[in-house]
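Hi,

Here is the structure I promised to pass on.

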Amino acid sequence: MDRTTRPLVIVAAFAGSLAVGLLLMLWALGGLRGMTAPAAIGGPFQLTDQSGQTVTEKDLQGKPTLIFFGFTHCPDVCPTSLFEISEVLRAMGKDADRVNAYFVSVDPDRDTSAAMKDYLSSFDPHLRGLTGTPAAVAKVLADYRVYARKVPLKDGDYTMDHTALIYLMDRDGHFVAPFNLNRTPEAAAEDLKRYL
């Protein structure tokens, strides 16, 4: 071995030994065994839209998708978010046809297809409302990591506490990030167009 390659071999051997030692130490301490992949968001589902048509996770594919979870009796957050989504879709112009936008009920007991159809008539026609049996809705909520809980009111009625994020899914139906509506509809529309 000549004088110029010998130091390189020594450094490489040291680095390799250090890496192997670090991995063995992590394994011995349980560090590698406890490591898990990040939680996936989304999964297979079968719900019904406001027109009575079946919608599955396959309908998310081919277009970027905005998904908002809420309920038709919501006094403020849901109508505000749906209005803002409607404004983004309006700002997209003809490109809005190339985007999926879903409002998924967290209250299947009250949110029938007919109730969703009536409620969504006040928003952009691209928005589709999804509901289903309590079991089908519970599965979607779990798969999308959505918090939803029935809260009794004094008059015997109830409201729903729920996650109020707008989920952005890519053209393959994979979660990208929460979609930010804290900007102009035009800026949000331009951001969404990047995923077309």
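Below is what turned up, sorted by type of interaction.

Before you start: this is a predicted model, so I'd keep in mind that local features need pLDDT of at least 70 and side-chain atom pairs count only at pLDDT 80 or more, while totals for chains, interfaces and linings use all residues. Residues are numbered from 1 along each chain as its sequence is written, and side-chain values use heavy atoms, with hydrogens and water left out.

**Salt bridges**

Side chains of opposite charge can pair when their charged atoms come close. The cut-off here is a side-chain nitrogen of Lys or Arg within 4 Å of a carboxyl oxygen of Asp or Glu, and the structure has 13 such salt bridges.

One of them joins Asp49 to Arg128, with 2.8 Å from N to O. The two partners come from distant parts of the chain: Asp49 belongs to strand S1 (residues 46-49) and Arg128 to strand S5 (residues 127-131), which puts them 79 residues apart.

Another salt bridge runs between Lys193 and Asp95, at 3.9 Å from N to O. This pair also links distant parts of the chain, 98 residues apart: Lys193 sits in helix H5 (residues 185-193), and Asp95 in the loop between helix H2 (77-92) and strand S4 (100-105). Lys193 is partly exposed at 25%, and Asp95 is partly exposed at 22%. Shared partners then join Asp95, Arg98, Glu190 and Lys193 into one network of salt bridges.

Then there is Arg110, which bridges to Asp107 with the closest N and O atoms 2.6 Å apart. Both Arg110 and Asp107 are buried.

**Charges over a ring**

Arg110 turns up again over the face of Tyr158, at 3.8 Å from the ring centre. Lys150 lies over the face of Tyr158 too, at 4.4 Å from the ring centre. The rule for this asks for NZ of Lys or CZ of Arg within 6 Å of the ring centre and within 35 degrees of the ring normal.

**Aromatic pairs**

Rings of Phe, Tyr and Trp (its six-membered ring) pair if their centres lie within 6.5 Å; planes under 30 degrees apart are stacked, over 60 edge-to-face, and the rest tilted. That rule gives seven aromatic pairs.

Phe68 and Phe103 make a stacked pair, 6.2 Å centre to centre with 15° between the planes. Phe68 is in strand S3 (residues 65-70) and Phe103 in strand S4, so the pair ties together parts 35 residues apart in sequence. Both of these residues are buried.

Phe69 and Tyr167 are an edge-to-face pair, because their ring centres are 5.5 Å apart and their planes stand at 80°. With Phe69 in strand S3 and Tyr167 in strand S8 (residues 166-169), this pair ties together parts that are 98 residues apart in sequence. Phe69 is buried at 1% relative accessibility, and Tyr167 is buried at 3%.

There is also one aromatic cluster made up of Phe68, Phe103, Tyr119 and Phe123.

**A look at Tyr147**

Tyr147 is in the loop between helix H4 (134-143) and strand S6 (148-152), and is partly exposed at 43% relative accessibility. Leaving out residues up to four places away in sequence, Tyr147 touches Asp161, His162 and Thr163, where a contact means heavy atoms within 4.5 Å. Ala164 is 17 residues from Tyr147 in sequence, with 9.0 Å between their C-alpha atoms.

**Cysteines**

A disulfide needs two cysteine sulfur atoms within 2.5 Å, and a search of the whole structure finds zero. Which cysteine has its sulfur closest to that of Cys74? It is Cys78, but at 3.0 Å the two sulfurs are too far apart for a bond. Cys74 is buried at 10% relative accessible area, and Cys78 is buried at 0%.

Cheers

How values were computed:
Helix = DSSP H or I, 4+ residues; strand = E, 2+ residues; numbered from the N terminus. Buried < 20%, exposed > 50% of the residue type's maximum accessible area, 1.4 Å probe, protein only.
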